[in-house]
Amino acid sequence: MKSVLHVGLDHAAPVPLHTDIRSGQFEGFEVDLLQYIAQKLNCHLEYKIILWKDILEKLEQKEVDIVCSAVTVTESRKKVLGFTNSYLDFHLGVVSRKDGLLDSIEKLSQKKAGVRIATEAEDYIRQYLNPLSIYTSDSNDDLYTQLQTGAFDYLVDDTSIAGAFVEKHPTLSVSLILPDTESSYAIALQKDNHSLRDTINTILDELKQNGTYDMMYQRWFQNILL
């Protein structure tokens, strides 16, 4: 019998990293990545959907083995969690309506902002952007819909995710890449699980060396400015 690797997924699917597994069409860059890893580990993947604000705590509590769902590597997270080598680099970006384009930091001050709760993007807004108000949500779909209706003036999101959502919503645009926000995604796991971390790192190195990574990247990000 194959071993089982329990994977935590964000309740709000971070397309194109992965779609909602409940939709019946589960696909994305991280899905391809995980399937490659599972094949090499000869294991079966079992997914658990968790609210983002709770997902890393559930990982610490060992309710899942790994989280592969657009997890940004940060120094504070590295104090309590382990991380594999990174598999995607990106920035934070501003998304605004095309009829009210906000394309400079100065234009963001005293505007209404929207953001996913408990994210690095929320921290950035609160620390640097001086918003008039902040609308927070657990849902990507809710945020982008609310921005279109004018509930707030802009939202901040990872460029890897924002690029995919503006393709679906032609009235929106990634109007600004925020300075000094270079970041990376990696697979998060328990801090003491060195064996699994090292094994996954070896697999990540292999798929980058054999060209598989480039094919995955082109499939999901060829039209997205990261």
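Select Pro 131 and the residues around it. Leaving out residues up to four places away in sequence, Pro 131 touches Gln 110, Lys 111, Ala 113, Ile 125 and Tyr 154, where contact means heavy atoms within 4.5 Å. Pro 131 sits in the loop between helix 4 and strand 8 (133-137). Helices (H or I, at least four residues) and strands (E, at least two) are DSSP runs, numbered from the N terminus. With a relative accessible area of 17%, Pro 131 is buried; buried means under 20% relative accessible area, exposed over 50%, and partly exposed in between (1.4 Å probe, protein chains only).

The model on screen is predicted: local features need pLDDT of at least 70, side-chain atom pairs count only at pLDDT 80 or more, and totals for chains, interfaces and linings use all residues. Residues are numbered from 1 along each chain as its sequence is written, and side-chain values use heavy atoms, with hydrogens and water left out.

**The largest pocket**

Which element gives the most to the lining of the largest pocket? Helix 4 does, with five residues. Colour the lining by class to see four nonpolar, six polar and four charged residues. Here Ala, Val, Leu, Ile, Met, Phe, Trp, Tyr, Cys and Pro count as nonpolar, Asp, Glu, Lys and Arg as charged, and the others, Gly among them, as polar.

**Aromatic pairs**

Next, show the rings. The whole structure holds eleven aromatic pairs; rings of Phe, Tyr and Trp (its six-membered ring) pair if their centres lie within 6.5 Å, and planes under 30 degrees apart count as stacked, over 60 as edge-to-face and the rest as tilted. Select Phe 29 and Tyr 213: the ring centres are 5.8 Å apart and the planes are at 90 degrees, so this pair is edge-to-face. Phe 29 belongs to helix 1 (residues 29-41) and Tyr 213 to helix 8 (residues 212-221), so the pair ties together parts 184 residues apart in sequence. Both Phe 29 and Tyr 213 are buried.

Then select Tyr 87 and Tyr 185, a tilted pair at 6.4 Å centre to centre with 40 degrees between the planes. Tyr 87 is in the loop between strand 4 (81-83) and strand 5 (88-90), while Tyr 185 is in strand 11, 98 residues apart. Tyr 87 is buried at 1% relative accessibility, and Tyr 185 is buried at 0%. To see the cluster linked by ring pairs, select Phe 29, Tyr 87, Phe 90, Tyr 185, Tyr 213, Tyr 217 and Phe 221.

**Gln 190**

Move to strand 12 (residues 188-190), where Gln 190 lies. Gln 190 is buried, at 9% relative accessible area. Its side chain reaches two backbone oxygens: that of Leu 59 at 2.6 Å and that of Val 64 at 3.0 Å. Leaving aside neighbours within four places in sequence, Gln 190 is in contact with Leu 59, Lys 62, Val 64, Asp 65 and Gly 82.

**Helix 6**

Select residues 159-168. Eight of the ten residues of helix 6 are buried, so this helix is largely enclosed by the rest of the structure. Among the buried residues are Thr 159, Ile 161 and Phe 165.

**Backbone stops**

Three places remain for the backbone view.

- Val 15 and Pro 16 are joined by a cis peptide bond, with omega about 5 degrees; Pro 16 is in the loop between strand 1 (3-10) and helix 1.
- Asn 42, a residue other than glycine, has a positive phi near 55 degrees. Asn 42 lies in the loop between helix 1 and strand 2 (43-50) and is partly exposed at 47% relative accessibility.
- Ala 70 has a positive phi near 55 degrees. Ala 70 lies in the loop between strand 3 (66-67) and helix 3 (75-78) and is buried at 8% relative accessibility.

Definitions and conventions
Polar contact = N/O pair within 3.5 Å; in protein donor to acceptor, adjacent residues only side chain to side chain.
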